Amino acid sequence: MDAIADNYQLIAISFATTILLFVFSSIGSLLLGTLLVAMRVGPISVMRRTAALYVTLVRNTPLLLILLFFSIAAPKIGINFQFVRIVIPTGWGDIRMTNAFAGAVVGLTLYTATFVCEALRSGVNAVPIGQAEAARAIGLPFGGAMRHVVLPQAIRAGLPPLVSTQIALLKNTTVALSVLVLEAAYALKQLLDANPGDRWWLLAVFAGIFVVLVEVLSLVSNRFERRWRIA
Amino acid sequence: MSTSVLFDAPGPRTVRRHRVYSVLTVVVLAAALALVVVRLNSRDQFAADKWEVFVTPSYVEFILNGLVDTLQMAAGGIVGAMVLGLVLGIGKISDHRWIRTPCWAVVEFFRAVPVLMLMIFFFSIYGIYNGTSGPFWCVVWALSLYNGAVLAEVFRAGLLAVPKGQSEAAYAIGMRKSQVVWIVLLPQAVKIMIPAIISQCVVTLKDTSLGYAIAAPGLTAVARPIYLEFQNHIPVYLVIAALYIVVNLVLTALATWVQKRFVGERKQLQVSMVGEAQSERAA
């Protein structure tokens with residue numbers, strides 16, 4: 001118990017970093033995923049095949065390898081994020097968003113976008129075929145049909161798998177520990193090494209906070225799903 | 001929905017426009033590829049001494065040992081997960097609330113906690129004190145717990161996906177609940193669940209790489225001594241990623257083949273997500 005009482009500021013800052021990682025990656029992955037799904041179902045076969053190849057390759061690579069690429073291998077060929085240097089001073093410590101953070105955000109975005117693409121594609125396949133036929137019948141081109149008719153319904157229909165991918169993203173932010181981003185799992189490791197006696201309390205607190213975060217996400221999605229459900 | 005309905009057979013102007021788009025896309029992709037190759041070349045990443053490692057037999061053996069370790073961890077994780085998933089899945093459809101609620105709580109908990117946190121926790125209990133084999137078992141236990149919780153949901157969904165008439169007929173001829181589940185439902189449910197289980201195998205295989213954070217053996221850990229010695233980060237990264245992709249593609253192809261051969265046209269299993277309200281329907 002002492003370990004938590006002494007270090008509550010570190011725990012709070014690390015969870016703030018986790019949530020920031022999640023928010024940035026979530027927005028990025030949703031945007032990139034939507035672009036990917038538009039390429040995937042589009043009329044231009046080169047784009048279709050490129051998107052399919054990208055999704056297949058990245059889906060089958062472990063997330064850790066992608067993060068390690070941006071942290072270890074990419075600087076060797078000149079890709080680094082040294083220009084990112086944001087520090088948010090709070091009363092309890094600094095939230096540091098530096099090149100490791102930026103690399104983790106980029107890696108998480110690229111990885112999760114593939115799963116978002118697959119989730120939205122299942123949503124697109126769930127839209128009744130008559131909708132697309134009607135869109136063609138009133139003369140909408142591919143872009144118009146996607147924007148006005150198909151994608152809004154696809155997001156509705158694909159919301160459960162989409163939320164699953166975002167929950168998985170929230171849990172995957174812990175992998176950024178391996179590239180030295182000071183988020184929740186890193187703080188857990190530090191505290192476990194320093195306070196071996198309190199390990200059950202530490203696990204309870206960290207796991208408990210994660211369960212709460214996941215349940216909040218889940219509840220928000222249930223709300224949206226109920227509001228947008230079609231009968 | 002067939003996606004060919006989204007766009008009509010193209011007329012002459014559209015054909016020209018699509019050709020322009022295709023050419024533009026190909027040009028952009030070729031430019032990106034050329035940029036990458038030029039960049040790599042300018043830093044001598046294509047030099048022979050960086051790639052020599054991968055044709056030297058002893059180093060190839062070293063890398064393949066890492067692959068074997070990864071496969072062993074994944075296999076251990078899957079076996080543990082199947083056992084735990086079976087127990088929890090059957091517990092979740094029990095008629096007795098004092099069995100159902102703890103099973104539900106355990107499954108929700110282990111689905112919501114990240115696998116890496118479980119690995120770190122086990123490492124601090126057991127792994128630190130048992131140098132080489134410790135982290136291996138920490139990874140296996142963490143993977144078993146997490147995938148067991150996911151497989152519990154798969155088992156539950158599979159048991160509920162068997163046509164209702166089967167269980168009704170079994171109850172009608174006087175079978176008890178446990179007999180219905182073991183003799184009638186499970187054998188039929190296994191066929192439905194196999195693709196989902198194989199997808200979970202792919203997830204397990206990818207998650208074994210997380211052991212890197214707790215110094216577990218495996219394909220990702222094998223990369224470090226090689227690139228530290230030979231300073232060939234990019235080639236090592238590419239080869240390790242390629243190995244992972246190949247193994248996962250083989251597993252995915254297996255899952256697709258099994259789905260086509262044994263399950264046929266039936267819809268894919270729908271597994272509920274974390275936190276979703278559970279219907280009270282039992283088998």
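**What covers a helix**

Modeller: The buried residues of α4(B) are covered by elements that include α9 of chain A, together with α3 (57-92) and α6 (133-161) of chain B. Here helices are DSSP runs of H or I with at least four residues, strands are runs of E with at least two, and both are numbered from the N terminus. Two residues are in contact if their C-beta atoms, placed from the backbone, lie within 7 Å. This is a predicted model, in which local features need pLDDT of at least 70 and side-chain atom pairs count only at pLDDT 80 or more, while totals for chains, interfaces and linings use all residues. Residues are numbered from 1 along each chain as its sequence is written, and chains are lettered from A and ligands numbered from 1 in the order in which they are written.

Colleague: Which are the buried residues of α4(B)?

Modeller: A residue is buried if 20 or more other C-beta atoms lie within 10 Å of its own, exposed if 12 or fewer, and partly exposed in between. In α4(B) the buried ones are Cys103(B), Val107(B), Glu108(B), Phe110(B), Arg111(B) and Ala112(B). In α6(B), 23 of the 29 residues are buried, so this helix is largely enclosed by the rest of the structure.

Colleague: At what angle do α1 and α4 of chain A pack?

Modeller: Axes are lines fitted to C-alpha atoms, for helices over the stretch in contact, and angles run from 0 to 180 degrees between N-to-C directions. Helix α1(A) (residues 2-40) and helix α4(A) (residues 99-126) pack at about 45°, with their axes 6 Å apart. That makes α1(A) oblique to α4(A), since angles under 35 degrees count as roughly parallel, over 145 as roughly antiparallel, 65 to 115 as roughly perpendicular and the rest as oblique. By class, their contact has 14 nonpolar, seven polar and two charged residues, where Ala, Val, Leu, Ile, Met, Phe, Trp, Tyr, Cys and Pro count as nonpolar, Asp, Glu, Lys and Arg as charged, and the others, Gly among them, as polar.

Colleague: How do α7(B) and α8(B) cross?

Modeller: The axes of α7(B) (residues 164-172) and α8(B) come within 10 Å and cross at roughly 160°, and the two helices are therefore roughly antiparallel to each other. Gln166(B), Ser167(B), Ala170(B) and Tyr171(B) of α7(B) meet Val180(B), Val184(B), Leu185(B) and Gln188(B) of α8(B).

Colleague: How many residues does each chain give to the contact between chain A and chain B?

Modeller: Chain A gives 53 residues and chain B gives 45. On the side of chain A, the largest share, ten residues, comes from α9(A).

Colleague: What should I look for in phi, and where does Leu180(A) lie?

Modeller: Most residues other than glycine have a negative phi. Leu180(A), however, has a positive phi of about 65° although it is not a glycine, and lies in the loop between α7 and α8 of chain A. Leu180(A) is partly exposed, with 14 other C-beta atoms within 10 Å.
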